[in-house]
Amino acid sequence: MLNVTTATLPLSELELKPQSELAQYFSTLPSATSDQLAGRAWVGKLYAPITVEKMPTLVRKTVATLLNAGINPWKGKAFNAEGTGANLWLWGQQFGQYTMLEQDSPVDQQPCLWLDYNVANNPLLLRHIRGEVRILGENQFLARMNWLASDQFYCVAYFSLSSPKNVSKGVMP
């Protein structure tokens, strides 16, 4: 079990944590701000997808390895200074736009940077996604991906963002 009063955990220690422990830890982290992320592309790494939550450790390790291998098409997120951003995919493609707002999370009522995928350019399926971003360490963030269904949020997965790269103008959505 995670001790939520401990110092920041390294990313490697988050890899096999179940969602329940990540949720507890996540609620203790300070909110990210749009200024901290803007103008950069961030490398993403997925943790605790809901489908493997109750699987044996060996299965969770295998899924974690596959999700974070080069074959995973999701590479991270790009943020711009205008309060919007998009997911980064293989070969630098951007898909899945979102708007950003600093607010309290409707999930745990703690401050977060809220990513709202209910954007006209997105396919209907993506418009149910909401993200929350909080600070994990210097140039490291932990985020929660939520699914909105019938006015209730369900956690789908956690992910980290790190190793920022500057983004030139015109690259962002």
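Colleague: Let's start with Ser-105: is Ser-105 buried or exposed?

Modeller: Bear in mind that this is a predicted model. Burial is read from the relative accessible area, and buried means under 20%. Ser-105 has a relative accessible area of 2%, so Ser-105 is buried.

Colleague: Where does Ser-105 lie?

Modeller: Ser-105 lies in the loop between E4 and E5.

Colleague: Which backbone nitrogens lie by a polar atom of the Ser-105 side chain?

Modeller: There are two to look at here. The backbone nitrogen of Val-107 lies 2.9 Å from a polar atom of that side chain. For the backbone nitrogen of Asp-108, the distance to a polar atom of the Ser-105 side chain is 3.2 Å.

Colleague: And what is Ser-105 in contact with, leaving aside its neighbours within four places in sequence?

Modeller: With those neighbours set aside, Ser-105 is in contact with Gln-110, Cys-112, Glu-132, Arg-134 and Arg-144.

Colleague: What do E4 and E5 form, and which residue in the turn has a positive phi?

Modeller: The two strands form a hairpin, with 6 residues between them. In the turn, Gln-109 has a positive phi of about 60 degrees.

Colleague: Which strand does E5 pair with over 4 bridges?

Modeller: That is strand E6, residues 129-137, and the pairing is again in the antiparallel sense.

Colleague: Which other salt bridge does Asp-108 form?

Modeller: Asp-108 also forms one with Arg-144, where the closest N and O atoms are 3.1 Å apart. Arg-144 sits in strand E7 (residues 140-149), so the pair with Asp-108 in the loop ties together parts that are 36 residues apart in sequence.

Colleague: What does the side chain of Arg-144 meet in a salt bridge at 2.9 Å, N to O?

Modeller: The side chain of Glu-132. Since Arg-144 is in strand E7 and Glu-132 in strand E6, this pair ties together parts that are 12 residues apart in sequence. Put together, Asp-108, Glu-132, Arg-134 and Arg-144 are linked in a network of salt bridges.

Colleague: What about cysteines: how many disulfides does the structure hold?

Modeller: The structure holds 0 disulfides. Cys-112 counts as buried at 1% relative accessibility, and Cys-155 counts as buried at 16%.

Colleague: Last topic, the rings. How many aromatic pairs does the structure hold?

Modeller: It holds 6 aromatic pairs. A pair of aromatic rings is described by the distance of the centres and the angle of the planes. Trp-74 and Phe-159 form an edge-to-face pair, 5.5 Å centre to centre with 75 degrees between the planes. Trp-74 lies in strand E2 (residues 74-79) and Phe-159 in strand E8 (residues 152-166), so the pair ties together parts that are 85 residues apart in sequence. Trp-74 is buried at 9% relative accessible area, and Phe-159 counts as buried at 5%.

Colleague: And how are Tyr-98 and Tyr-117 arranged as an aromatic pair?

Modeller: They are tilted: 5.2 Å centre to centre, with 50 degrees between the planes. Tyr-98 is in strand E4 and Tyr-117 in the loop between E5 and E6, 19 residues apart. Both tyrosines are buried, and ring pairs link Phe-79, Tyr-98 and Tyr-117 into a cluster.

Conventions. Residues are numbered from 1 along each chain as its sequence is written. This is a predicted model: local features need pLDDT of at least 70, side-chain atom pairs count only at pLDDT 80 or more; totals for chains, interfaces and linings use all residues. Side-chain values use heavy atoms; hydrogens and water are left out. Two strands pair if DSSP finds at least two bridges between them. Rings of Phe, Tyr and Trp (its six-membered ring) pair if their centres lie within 6.5 Å; planes under 30 degrees apart count as stacked, over 60 as edge-to-face and the rest as tilted. Buried means under 20% relative accessible area, exposed over 50%, partly exposed in between (1.4 Å probe, protein chains only). A polar contact is a pair of N or O atoms within 3.5 Å; within protein, one must be able to donate a hydrogen and the other to accept it, and residues adjacent in sequence count only if both atoms are side-chain atoms. Contact means heavy atoms within 4.5 Å. A disulfide is a pair of cysteine sulfur atoms within 2.5 Å. A salt bridge is a side-chain nitrogen of Lys or Arg within 4 Å of a carboxyl oxygen of Asp or Glu.
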